[in-house]
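Subject: Structure for your review

Dear colleague,

I am handing over the structure we spoke about, and below it you will find my notes on what turned up. Please read them with the model open beside you.

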Amino acid sequence: MTGIKDATAIVGIGQTSFAKHLPEDERTLACRAVLAALDDAGIAPGEVDALASYTMEETDEVELAKAVGFGDLTFFSKIGFGGGGSCATVAHLAAAIAAGQATVGVAWRSRKRGSGPRPWTNTAVQLPTPAQWTRPFGLLRPADEIAMLARRYLHEYGATRDHLFNVALACRNRANQNPAAVMYERPLTREMYMSSRWISEPLCLYDNCLETDGALACVVVSAERARDCRRAPVYVHSAAQGLPAQHHGMVNYWNDDPLTGPAWAAARHLWKHADFTPDDVDVAQIYDAFTPLVPLSLEGYGFCGRGEGGAFTEGGALETGGRLPLNTGGGGLSEAYVHGFNLINEGVKQLRGTSTAQVPGAATCLVTAGEGVPTSALLLRN
Amino acid sequence: MLTPVTDADGAPFWRYAARGELRVQACADCGEPRFPPRPCCPHCRSFTSEWRPTSGRGRIWSYVVPHPPLLPDYAAQAPYNVILVELADAPRIRMVGNLVSEPGAPLGSFPPDQVRIGARVQVVFDGDGLPQWILERP
Ligand SMILES: [Zn+2]
């Protein structure tokens with residue numbers, strides 16, 4: 001065994017409820033999710049000695065540690081690029097624990113984007129992408145930036161809005177099975193999708209994730225320690241970050257080859273250190289802030305060839321019983337958009353056999369972070 | 001409308017634009033153009049650069065049509081097009097802009113449903129020195 005392969009495991013997960021508006025503030029939600037995850041693991045807060053979070057997280061490590069009563073912390077990490085950092089929190093904790101820098105790690109995300117302001121409306125704040133080349137021309141929001149790539153993708157490969165609908169529908173169908181999802185009991189039809197209002201053509205309302213209040217957390221320990229925990233371990237089999245050469249954040253069109261994004265870079269490392277291949281992945285949780293990120297990711301992570309991501313979604317491939325059941329809690333499109341952390345916890349549920357849309361016998365799961373920004377990904381196994 | 005908040009690397013672009021010139025940064029040693037402007041050449045690591053004039057011609061690589069909710073000034077013009085132009089002189093340089101009906105016209109002046117990928121465009125400048133694009137052959 002080398003590196004971090006199966007050296008650590010996720011042994012606890014926790015979450016608050018998800019809604020457009022929750023009365024409690026972000027710090028309170030963070031505390032609740034972290035304590036729920038530790039309780040799930042059967043580990044006392046005083047044993048925690050490592051933390052990992054990612055940028056755009058407003059709850060400070062110091063505040064969290066004091067509020068819930070952690071022990072002395074010997075490792076804390078904050079990964080850049082917002083939603084691109086979700087999986088990297090687990091990766092950093094796994095690396096730290098495998099290297100002996102810590103023993104019990106907690107990662108979390110707390111957000112009030114359902115009831116709070118949207119970052120792009122604050123024009124005084126310098127955004128991560130070089131705004132002088134985009135914002136004066138009215139390219140203002142993440143949806144506009146990704147729609148530019150999506151239009152070219154549709155043009156270049158003959159992908160269609162029906163392919164994007166397949167993504168939105170798979171997520172909605174799984175959310176319809178998940179009582180915790182914001183879109184529980186709210187079915188989506190093709191007619192609703194095709195007649196919905198535009199956000200940024202070619203992206204319509206249902207191509208965009210939900211704005212959600214909520215928090216989640218998970219607990220990472222060594223494989224050895226995991227054997228004594230309350231729940232069956234879900235092993236961190238492989239992990240990677242990806243910031244490819246020439247990459248430009250959301251506006252990857254300043255790259256020679258804009259339609260190959262960070263997924264490609266993360267995937268090369270991820271598979272190099274794995275004992276299995278994309279053909280062996282039973283279920284996937286793919287970051288879905290916008291539907292086009294899914295076909296782009298399917299290509300980047302090697303589930304199909306370049307330009308084939310749209311066609312891959314046909315014939316129910318992303319539905320339960322299909323080739324690659326997708327975002328089985330409903331994802332960012334229909335469960336909750338909590339910067340992708342719900343995808344990590346849903347991956348754990350699948351490998352524990354406790355998902356509300358359980359893939360029978362699921363033994364391997366890919367989880368990815370935001371595509372379109374410097375990203376990260378995990379291969380989990382039970 | 002949001003005015004460009006420039007930085008040290010980008011300021012020359014806007015100074016030339018205010019004079020009605022579309023120039024791109026290029027390495028003064030190996031000649032590679034680069035965008036957005038940066039202090040160092042990623043090909044030869046030279047710190048010397050020049051601002052090379054362009055023909056101001058290009059082709060539309062992609063486009064979007066934003067709809068509200070948007071910032072107030074932009075919502076008032078929506079739906080409008082935002083295009084991405086591949087420069088004829090440096091095809092790997094792509095610039096965000098707007099296709100307008102004539103120089104100085106508002107963002108929504110060109111019908112969004114008539115924008116096409118591959119269409120040939122020519123740079124013009126509005127009264128504030130902001131680059132805009134018109135069809136090369138209307
Ligand atoms: Zn050079």
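This is a predicted model: local features need pLDDT of at least 70, side-chain atom pairs count only at pLDDT 80 or more; totals for chains, interfaces and linings use all residues.

Chain B as a whole

Chain B is built from two helices and eight strands, and along the sequence these elements come in the order α-β-β-β-β-α-β-β-β-β. Its radius of gyration is 16 Å, which agrees with the value near 14 Å that a compact globule of 138 residues would have. Along the principal axes, the C-alpha atoms of chain B fill a box of roughly 45 × 30 × 25 Å. Of the 138 residues, 48% count as buried, and the accessible surface of the chain comes to about 6400 Å², with 51% of that area belonging to carbon and sulfur atoms. If one takes the contacts in chain B between residues at least 6 apart in sequence, 52% of them join residues that are at least 24 apart.

The UniProt record, in an unreviewed entry, places the feature "domain: ChsH2 C-terminal OB-fold" at residues 51-126 of chain B. In the model this span is 5% helix and 38% strand, and its end C-alpha atoms lie 21 Å apart.

A buried valine in chain B

B:Val100 sits in the loop that runs between strand 6 (94-97) and strand 7 (120-125) of chain B. Its relative accessibility is 1%, and B:Val100 therefore counts as buried, the cut-off for that class being under 20%. Which residues is B:Val100 in contact with, once its neighbours within four places in sequence are left aside? They are B:Ala105, B:Pro106, B:Ser109 and B:Phe110, together with B:Gln132, B:Trp133 and B:Ile134. The C-alpha atom of B:Ile60, which is 40 residues away along the chain, is separated from that of B:Val100 by 13 Å.

Helix 8 of chain A

In chain A, helix 8 covers residues 262-272, and its buried residues are A:Pro262, A:Ala263, A:Ala265, A:Ala266, A:Ala267, A:Leu270 and A:Trp271. These buried residues pack against strand 8 (234-242), helix 9 (293-300), strand 10 (364-368) and strand 11 (375-381) of chain A.

Backbone points to check

The bond from A:Glu201 to A:Pro202 is cis with omega near 15 degrees, and A:Pro202 is placed in the loop between strand 5 (198-201) and strand 6 (203-204) of chain A. The bond from B:Phe35 to B:Pro36 is cis with omega near -5 degrees, and B:Pro36 lies in the loop between strand 2 (33-34) and strand 3 (49-53) of chain B.

There are also residues other than glycine with a positive phi. For A:Met56, phi is near 80 degrees; this residue is found in the loop between strand 2 (50-54) and helix 2 (61-68) of chain A, and with a relative accessible area of 43% A:Met56 is partly exposed. For A:His339, phi is about 50 degrees; this residue is found in the loop between helix 11 (331-334) and helix 12 (341-352) of chain A, and A:His339 is buried, with a relative accessible area of 4%.

Note on methods. Residues are numbered from 1 along each chain as its sequence is written. Chains are lettered from A and ligands numbered from 1 in the order in which they are written. Side-chain values use heavy atoms; hydrogens and water are left out. Helices (H or I, at least four residues) and strands (E, at least two) are DSSP runs, numbered from the N terminus. The radius of gyration is taken over C-alpha atoms; the globule rule is 2.2 Å times the number of residues to the power 0.38. Buried means under 20% relative accessible area, exposed over 50%, partly exposed in between (1.4 Å probe, protein chains only). Contact means heavy atoms within 4.5 Å. Accessible areas come from the Shrake-Rupley method with a 1.4 Å probe; for residues, only the protein chains shown count as cover. UniProt positions are given in the numbering used here, feature names are shortened, and annotations may be inferred rather than shown by experiment.
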